[in-house]
Each structure stands twice: as C-alpha cells, then as structure tokens.
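I am opening a notebook on a structure that is new to me. The entries below keep to what I looked up, one topic at a time.

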Amino acid sequence: MRLALLVSALAIACASSSVAQVTEGPNKLFQPRDIFGLRAAGDPQVRPDGGAIAYVRTTQDIMTDNGHPSIWLVDPATGAQTPIAADDTANLRPVWSPDGSRLAYVSAGPGGAQLYVRWMASGRSAKVANLEQAPSSVAWSPDGKTLAFIMLVPAPPQPLGQPLAPPPGAKWADPLRVIDRVTYRRDGAGYVRPGYRHIFTVSADGGTPRQLTFGKYDEGGDLAFAPDGKTLYFATNRQPNREREAQESDIYSMAITGGEMTRLTTRDGPDQAPTVSPDGTKIAYVGFDNHGYRGYENTHLYVMDRDGKNSHAVTGGFDRSVGAPTWAADGKSLYVDYADHGVTKVARLTLDGKMTDVATGLTDGAEMDRPYTGGSFSVGKNGLIAFTMGDAYGPPDLGVVRNGKTEKLTSLNADLFADKTLAKVEPLPVKSSFDQKDIDAWMVTPPGFDPSKKYPLILEIHGGPFSAYGPVFSTDDQLYAAAGYIVVYANPRGSTSYGDAFANTIDKNYPSHDYDDLMSVVDTAIAKGAVDQGHLYVTGGSGGGLLTAWIVGKTNRFRAAAAQKPVINWTSEVLTTDGYNFMATSWFGKMPWEDNDFYWKRSPLSLVGNVKTPTLVIVGTDDHRTPPSEAEQFFDALQLRDVPTAMIQVPGASHGGLAERPSQSGAKASAIIAWFRRFQ
C-alpha cells in the first residue's frame, strides 16, 4: 500500500510532464499491467532418447500476483506441446528416468514441496514419499529404481538457560531464538531454520526415505550416480572452519551401501557439479583455485579419474567462466555453457580442450525486469540440444539445435506482443574516457523513435558487480522507453563475460573507474544526437544501486536518480548482509576493523555531503543481501541535508525478489518514471 500510494502521489505531481512522448497509442505500448501476461520457458530437460523435451513454463497469475510454474512436454519433431503437470500447485524441476519412461518432479502445494514421479505411458503421477522438507538436487539411479535428493534435517534448538513452561491453556510469546552459526540468514529464505542439508534416497516406486549423510555439514549442488549405481558423487565442505570459508567445497564419493566417503579433491577453492562419464571412469566438475581471494575468478572445467587422480583443467587456457558440464553420449567430449560479451552460449569441448560453439543466445526468465545474461540447456543421447532462447524482444522460449541447425519450438508471448510496439535495442560501442578500454553498451530507443528529436535519457546500471547485461528482454527498460526515455545500459569494468583481467580491474577497488566507463556511455549516447543532455537520469539495483549513489556524489549532471537496493556504507554492509564473509575476504581482503579507512573511501556515504541530485531510494523489507538499513542510511542523510528524496520499501520483497511479484515490479518502474518526471 505504501508503494502504491507513493506511485499515485508522484504521478499526480507529474501530470503536466513535458517528457517527449511516443506516438503509438496506449494499447500499443508495453505497460506495467502487461507483466502479468508474460510467459517464460525454463529448465529444459531432453528425454534420454531425444524424442521429447520437458520444460518449465512460468506464467503470471493476476489473482495471486505470483509466477506459476508448470511442466510441459514438447515433441521436438513437430513442436506439439502437452501440459503434464499444470494443476493449481507449482510444478518444477523435471528429471527423466534413464529409460525415459518416467519423469520425477517437485510439486509445491499447500502442504509443502513433495517429490512426485509420473509414469509417461499411463499419464499417472504419484507422490513417492511424505517429505517433511522440500527436496532438491533430484537424481535417478542408473537402473531407475532409486531417487537421490538433498533435504534439510532440522536440528532441535539449543536454549540458553532454563525456558519457563507455560501453564495449560496459556498463550505465551514465542520462545527466544538462539543463533550461534556464522550463516544464520539467507536472502529469499530469511532466518535459516536450524539444521543441516543431507543426502537421502527413496524407492522410485514410493517408500520411506533413507538418510545417507550425517553430521553438522551441508551438502549441496548436483548429485551424480556412478553407472553401476553403487557410488554417489557430490560436493560439500567438511573442513573444520567451513562456515568461515565462503569459497571452499570439494568433490566426494560415497558408497550407497555402507556410506563410506572419500574426498576426491583437496585444493584451496570451490569444486562443484560433479558429472560422471558414460563408462564411469572419469568425473568432470567445475571450480577454481583461490588466488589470494580476488574479487573474481574464472570457473574452469576439470576432469579426473573416478578415484580423484589425474585431475586436470580442460579449459585452463580459456578466459571465460564455464558451467553446467554435461557428458556427450560418446564419453569423449562434454557440453558447457559460458557467457561472452554479454551473450550466453553452449559449447562442445573435447577432452584436450578444443571448443566448438553449438548454441548461442541463451536467456533466463528468472529476472525479467533487467537484461541479465543467463539460460539453461540439456542434451539427449542423440545429440539433440534443448535450451532457453531469446533476445531483447521477449522472455525466453524453448529452442533446439539439431544437426547443427537452431530451431525455435515455442512462441509463448506471440499473443501478448502481437499488438505491441516494443522499444528497439541496439549495440552502443563505447571507449572509456579513463583508458580507452572498450566497453559494451546497448541503447534502447522509444517506440516511434525519431532521431531528429531530443529525448531524455536514463542510465541503467547492473548489479553484481561481477555479472553482465546483454541483448536480453527487460521489462524495466521497455517501460522506461514506452514512457518516452532513451535507455542505455552497459557492462563497465568489473563485469563478467570479458575475461579474468577485465573483471579484476575492480578487485579491492570498487567502485572506481567503472564510474568513468559509465559516464563515457552517457557521453557516447549524447554524441549520437537524439539525447537531451539537459535531461539525464540514473538508476540501478544492488551494485547498480551503489554506483547510482556513488555517481550522484561525484557529479551533478543528472536531474534525478533512483538507487535500488544499494550498498551505502561498506562497514555496515559486510556486518549485516547474508554474504558478509565473502564480501569482506574477497572484495576487501581485510575486515572493517583492520582498515576502516579503506572501507569508508569506497562507501557512497562518504560522498553524501556532495549530493544535490534528487534521489529516490528503493529496497525490499526482507532484503538480507543489502539490508534496508543501507537504504535508510542514505535516505536519512539526504533528508538531513535537505536534498529532495523519498524512500520506497517494497513489502515482503527480498534482494533477489525485488521485482518478483508482478504488481510490485510494475509499480516500482512506474514510481521511478514518476520520480524522474517530477524533476524534469
């Protein structure tokens, strides 16, 4: 309600706006309510024989104001689609049995998330166990008789002192919460329930789950069976100081019978995502060596013998991060994904490191408000590749690569966009004013754009900072453009998909000359001739929110700003965020009390005395990554300095979920537009 009231007030205050308007009729433009009509494909899973693809289709439910995932089946030969788990519950994470006759999936209903199996021939599904917690990382045994998964095992709370016992019928307050772990909250999940995540198995025909791992350890990531079904491979951190080693995990093997475990990797750094070759002799995995805890490290593909010997990097000479390793049926090569210059691709790798791109243009529907790179894929034994494909003009659809040719199988948003005129997105090559470094950027022009006219400009900045934008669909950018703004977004130094050196130009130096890169993006856009340089605006989220606050402390060239979920004071940030250990060790190399001046000079709060730009501050009330206290510090400081400011608190929103609810996503963009128009 607070958000809606602010949007209304700002809109009324700006009723006389003179911002350049687009010429299309209102029904032709992309509007906030259209977010409810968006559909996205995700998590494609090719049946082992390549004859069918299961994928998760996410729609937006206007009555519950939430995304609704359902599982659909596609015939890759004809494109015919069939819903196979699309009832009122949320159905996701499909996994084919080795023979393709069954499909395991997770169904999340009122009673919690449960593990189901569907028999494809009969079309019948059954819950295989009554689970007390949500399952994850589901994997089939090679004989199809067993399912392995990871699940939280709650631990009883350990009280301090002697809790009082209420008399019968009394309604007392909740008991005290005692916290004694380093990681006690996670963004999107809130305060962590006491317990540890362990591996279980259960009969695929239904039965009682059997716990395989124990102790005060958390297992996570993918599970992989050996071809004989007797051994399970997984990643975990079982080191004595595991809670304080944010970037440490190793690959383990475990005997299904007896539970004997062997640590297969021992280096300083994270090893994850084990996958076993078809003949069972080799294990592929991804990871990297910690080089003095730098801000960024390329993740490489490694292959070792099944006993952990002869480990070597297959992509050691490749200056990009790779992920999602998948063995080809011949056991002589693997498939991986990677991002290059903001574009996500799938490549096939031989064991000697020869790489061939096989699919380009993967997109991810997880964060459609902003144009982040991403996507997912899977491969059948016949070589069929299914992947989430898209561009700047729509959320991801399902695509396939067959015999070297790419084909789009779905058009999930054809009806919605049939009567819409979307903003055009084009590359904007930039040279940084600091050192002439090449900076990738994109310019979004309003529908009906006339290059002879002048338009206000919005600089939109990505977070991370180790992430990347690309030519990907963005609801925010489309809404800004529909309101008459040119939008520019970029990958300044520190962004991923450009190699190790480019990302680490901000190692222990963030923010710094990424500011110069972003100003060069604005200058380059102005030089093209259609930007009204007297009407410039800036916004961004997370790391982009930090840079927004940093920018208004460095320059007064922007008429207004909107800092979304920002970091404002690095000392308070690393001591209140759910990722404090990683931020302190990798981004600063020392703790705040060891060098507070170092933290202070990288904090936007240190520049707040310079700020004259009217600045809106936005944060989710349940943000545990950049907690509300960060936004509040900036808002309070601007209020005390009498700088025009307002704060939006998005109820119930986490850091990653600031735009997760469609109504809040649309209202947030509307509020930013209204704020900018107030100061035009």
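Which residue in E18 is the bridge partner of Met254? I looked this up and found Met261 as the bridge partner of Met254 in E18.

Before going on, I note that this is a predicted model, in which local features need pLDDT of at least 70 and side-chain atom pairs count only at pLDDT 80 or more, while totals for chains, interfaces and linings use all residues. Residues are numbered from 1 along each chain as its sequence is written, and side-chain values use heavy atoms, with hydrogens and water left out.

I use strand (E, at least two residues) and helix (H or I, at least four residues) for DSSP runs numbered from the N terminus, and I call two strands paired if DSSP finds at least two bridges between them. E17 and E18 pair in the antiparallel sense over three bridges, and the two form a hairpin with five residues between them. In the turn I noted Gly258, which has a positive phi of about 100°. E17 also pairs with strand E16 (residues 231-236), again in the antiparallel sense, over six bridges, and there Tyr252 in E17 is the bridge partner of Phe234. Five of the six residues of E17 are buried.

**Entry: salt bridges**

I searched for salt bridges, meaning a side-chain nitrogen of Lys or Arg within 4 Å of a carboxyl oxygen of Asp or Glu, and the whole structure gave 28 of them. One of them joins Arg263 to Asp250, with the closest N and O atoms 2.9 Å apart. This pair links distant parts of the chain, since Arg263 is in strand E18 (residues 261-263) and Asp250 in strand E17 (residues 250-255), 13 residues apart. Arg263 is partly exposed at 32% relative accessible area, whereas Asp250 is buried at 1%.

Lys508 and Asp507 form another salt bridge, with 2.9 Å between the closest N and O atoms; Lys508 is partly exposed at 23%, and Asp507 is partly exposed at 21%.

I also looked up Arg557 and Asp523, whose side chains meet in a salt bridge at 2.8 Å, N to O. Arg557 lies in the loop between helix H6 (543-554) and strand E37 (560-564) and Asp523 in helix H5 (residues 514-527), so the pair ties together parts 34 residues apart in sequence. Arg557 is partly exposed at 27%, and Asp523 is partly exposed at 38%. Elsewhere, salt bridges that share partners join Arg320, Asp340, Lys345 and Asp357 into one network.

**Entry: an open sheet**

I found an open sheet of four strands in the order E19-E20-E21-E22, with antiparallel pairing. Strand E19 (271-276) and strand E22 (312-313) each have a single partner strand, so one side of each is left without a neighbour in the sheet. Two bridges join strand E21 (residues 300-305) to E22, and His312 in E22 is the bridge partner of Val303.

**Entry: Tyr537**

Is Tyr537 buried or exposed? I found Tyr537 buried, at 0% relative accessibility, and placed in strand E36 (residues 531-541). Leaving aside neighbours within four places in sequence, Tyr537 is in contact (heavy atoms within 4.5 Å) with residues including Pro456, Tyr485, Phe558 and Phe676. I noted as well that Tyr537 and Thr613 are 76 residues apart in sequence and 9.7 Å apart in space, C-alpha to C-alpha.

Conventions: Buried < 20%, exposed > 50% of the residue type's maximum accessible area, 1.4 Å probe, protein only.
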